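Please look through the structure shown here, and then read the short report that follows.

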Amino acid sequence: MKTKKIATRTLAYLALLVVFLIIIYPVVWMIAGSLKTEQEFYQNVWGLPSQFQWDNYSRAWNHAKLGQKYVNSLLVTGGFLCILLPVVCCAAYAIARVQFKGKNWVFRYLLMGVMIPGGVLAIPSFALAVKLSLVDTRTGLTLFCVAHSIAFGVFLMRSFFISLPKSLEEAAMIDGCTRFGSFLRVILPLSVPGLMTQVIYSGLNVWNNYLMANLLIRSPEKQTLPLGLAIFTAENNVKYPVLFAALVCVTVPMLLVYIAGQKTFIAGMTAGAVKG
Amino acid sequence: MDHLKNAKLKSRMFPYLMCAPALVIFTVFVLFPFLYGIYISMHNWNGLSAMTWNGLKNYLYVLTDSVFWLSMKHTFIYAILVTILKNVAGLLLALLVSKEFRGRTAFRVAVYMPVTFSYVVIGVLWSWIYNPTFGILNNFLDTVGAGFLIQGWLSDPNVALYSIIFVDVWKWCGFHMILYLAGLQSIPRDLYEAADIDGASRMQKFLRITLPQLNSTLVINVLMSITGAFIANYDVVNIMTGGGPFNSTEVALTYTMRTALSLNNMGKACAMSVLLFLFVLVFGFIQMRAMSRDENYAD
Amino acid sequence: MKRFKAFALALVMVLSLFACTACSGSSSSQASSAAPASAEEPAVSGGERVIYLVGYSRAVEGEETNWAKVIEAFEQENPGMKVDVRWQGAASESVQNLSSAQMAGETIDLFVTGPANINATLAGSGYLMDMTELMAPYMDRFEEPMLSGLYIGDKLWGIPYGDMSISMVIYNKTLFDELGLAAPETYDELLEIANTLKEHDASIMPMLHMGKMPMFWPMWFMETYAQTSGNNSLDNVYKFLGRERQFTGAEEQEAFEKVKAFYDDGILSAETFDTDVQGLVAAFAQGKTAMCYSMGFAYTALKNAVGDSMDLGVFPFPQVVEGARTQHGGGTSDALVIPSFCNQDNLDITMKFIEYITRPENATIVFSARDLLAPTIKGVQAADIPIRDALDNEIIPDAMQFLDWTWPAEVNDAFMQAIPATLAGQMTCEQAAQSIQTALDTVYSQRDYDPEWWNSWTQEQWDAVTPSVIPPDYSV
């Protein structure tokens, strides 16, 4: 009995290790690549660098002016989250917990947004942006990204809200809260996992978004990070080590956000003790 | 009397006001461009000169385009495989990490890393891994004696699509793992305890308790995988193969963008987008109808 | 109650923010459905006049700095004139970039684009200014062959300002010398070399091509077709586009077969279909391939990657038809065009700037970061690179216009699919030729294609692209 348990555990550990390596190795390779010279990169693709070329990082940073682009990306993604989360939560709450005429139509209408293909419809979006004078503005980019994430956000938050017991608001309102107050004070805190999911999914998509950003942002000083990377990849002669250095710079913050966020996320789930 | 009427009005307006911002933003920034896209689809336009009215001819051209149907076929295969794999992988990984073990956090972080990568990173990374000349995958297979498994991962038309599917799953399995993990952890312990008392086996507990409790998580995950395969896989396919070789990895989105940008046929591309939307609409709603149980949806 | 009011207030604020952005002073003009209107923003800022120069991101490191240097010198020589330069996006996004700019009401006075776009989309859509008269005083500054493809319908639509883009075979000279091999002139000689290479090292790929990038496949066809058509390929293509000639004849099929032979005879291998520029460079650097058929930029990339570890040489595409003269696509890498929606009040200073940068000494500065294969401006020195002799004597003299600058995008797309398909055996050469014909037929029936669009333009369309004023000759 005990041997069986040990065997299964070892097997499980082995499986985890394999998965871990499959996931990790490409990342290690990218970091190693960022520290090689160009010639070494092509001649020794998979090994470790013989000398660490730290100046690839400074070249990447300066050539692409990553500092400025960081700020722009932060503004756009931050603004995006600040607008998206309240908008989505309010709408999803009403749809999930309030009976009103046309409720289902509103929900279906917003849900269709999940089904609209990206890509080609970005071009009519540009025509609209021109009409609204939102071309080459970070505000415009933020608003378009919000709009594209509303459908998923509403869907997600609604299923969170639906799973909460009805008694919660009633209890709060008996204590003198308004409808909206009970929403803010009781329901929202229990939905933190849903909010975090949107942060790490929709927020990530906006951080990495290239298509809309490329279309709408036209002056170099407003460019976000993915556009900055395009300097390195849009050529026929990609300088891989420097590109990888830039990629490492770009990816690290999202990783940190995730590491910070996942603890809250899991904690929220267990602390909330909400029936899924 | 007035006070009561006031309160009643407020309470009636409340839901509409709550929905208003979402509705306004969505309508302006998503619906209007979509309608304009439909308008464009009825014209012959190269993106530069004047538009000429074409009626529904573009739709006819799309439906008679063999490459379009090929791309749809690929998209369907992609959607089905990717959904199954992402959800199975996500669930398995979630089960693995739901128990405490040393290095659990590190593992969770590591598995999620690919999710944070932009497609530029993914495309570059995997193009090199799959490279037939000196890609590490073929090198590795050779070294461990599995040389017979060596393929032209991205150059063999029979294999290329599946290579890309693997990359897509590799990128997103961490995300689905997180969602399933959250779902798993919200299942009340006492259900399992009760089952233990009744002497249920692991498999029975899984099938009778875990899966049903995960239903809403499942719905979200499946919906995301399926719709993602239809309307969000442009970047990954484009960067890895650009739709080649010989259209073997052409999916709906890459063909649409190619028609718009390389062939300068905006009208036809918009027609394709509209058709794609209709496909996804039908497909998506069928899927949700089939899977949702606890929705006050049919009210 | 208070919370509710607060929320309503916030809502009103958000919506009014909306209204503000929508109404905020906009001088942007929306694209009308007629030919593009010129932008309304005056290019004046504080007494200065500004020229707006836009182009895709410079591929060569240091070139942006060089441009900045020349611009600064221009501004010093011409006080009161400024050049606002913006390098943005990829070369392939040039057309979208231009159309977005026009839709958004931006002013662009000078635009850098790949020349293929000129015939493919830009000129025929009325997006370019007719430069014939504007450039009349300066035409002798350009190398004649570099003007290929820029004259359409007897009008000049762009000026060549870049390096020469020409196709050739680059090879590992060190390995060749080691094995006692000389550059081949005929296909049979090339085949012999391939076999010798394989005897020397069974795992080597004699020749590798960037097969993953579809746009380079038509080059092969252009070479073989030039030979199988008795050096009439350009003429044949014009006739084909004008519906006077079908593409399914013996010459066309033979051209496909000659390309296929490279694969069937083992010179090219299956890895080609998954190789892009970086894959090619890495394979060369690791000695896994000895030859590649590509263009100038590949030479630069290879040189950077291999460094001193090997010498590189070039030879022209071999003779595949006995006694035929080889011809390779060659032309300028970049063209400067004036968008038709430019600020016509700026034409005088734009022409001053063009005059300035086409002076040999200034062009030299702009391109100093490159190894110039052949300059577009007379008087600029081509780079003194080891392949100089081969270039000047064997390759450049046989340059002809790129065929893919003449046929429409759908036909080019058909070539990009058909050629590798025949190599891999997925299509017969007969089917390949037929697919080209079908592509053209489809373009005629589904789009309003007119290969000689300049003949059917209205007076209004011509007025939109004719400059309102021809500045004087600014030559110094």
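## Strand β10 of chain C and its partners

In this predicted model, Met207(C) has Met291(C) as its bridge partner in β10(C), and this pair belongs to the meeting of strand β9 (residues 205-208) of chain C with β10(C), where the two strands run in the parallel sense over 3 bridges. Strand β8 (residues 164-172) of chain C also pairs with β10(C), but in the antiparallel sense and over 5 bridges. For Ser167(C), the bridge partner in β10(C) is Met295(C).

Is strand β10 of chain C, which covers residues 289-295, buried or exposed? The strand is largely enclosed by the rest of the structure, because 7 of its 7 residues are buried, a residue being counted as buried if 20 or more other C-beta atoms lie within 10 Å of its own.

## The domains of chain C

The domain assignment of chain C gives domain 1 as 44-163 + 333-370 + 452-465 and domain 2 as 164-331 + 388-401 + 409-446. Taken over C-alpha atoms, the centres of domain 1 and domain 2 of chain C are separated by 31 Å.

Where the domains meet, 8 residues of domain 1 of chain C are in contact with 8 residues of domain 2 of chain C. The side of domain 1 that touches domain 2 has, by class, 4 nonpolar, 3 polar and 1 charged residues.

## Where chain A touches chain B

Between chain A and chain B, 70 residues of chain A are in contact with 71 residues of chain B. Among the elements that give two or more residues to the side of chain A that touches chain B are α1 (2-34), α4 (66-97), α7 (138-162) and α13 (240-272) of chain A. Of the elements there, α13(A) gives the most, with 11 residues.

By class, this side of chain A has 53 nonpolar, 15 polar and 2 charged residues.

## Confidence in the model

For the complex, the predictor gives an ipTM of 0.84 and a pTM of 0.86. Chain C averages a pLDDT of 86, and 90% of its residues score at least 70.

How values were computed. Residues numbered from 1 in each chain as written. Chains lettered and ligands numbered in written order. Predicted model: local features only at pLDDT ≥ 70, side-chain atom pairs only at ≥ 80, totals over all residues. Buried ≥ 20, exposed ≤ 12 C-beta atoms within 10 Å, placed from the backbone. Helix = DSSP H or I, 4+ residues; strand = E, 2+ residues; numbered from the N terminus. Pairing = 2+ DSSP bridges. Contact = placed C-beta atoms within 7 Å. Nonpolar A, V, L, I, M, F, W, Y, C, P; charged D, E, K, R; others polar. Domains from an automatic or database assignment. pLDDT = per-residue confidence, 0-100.
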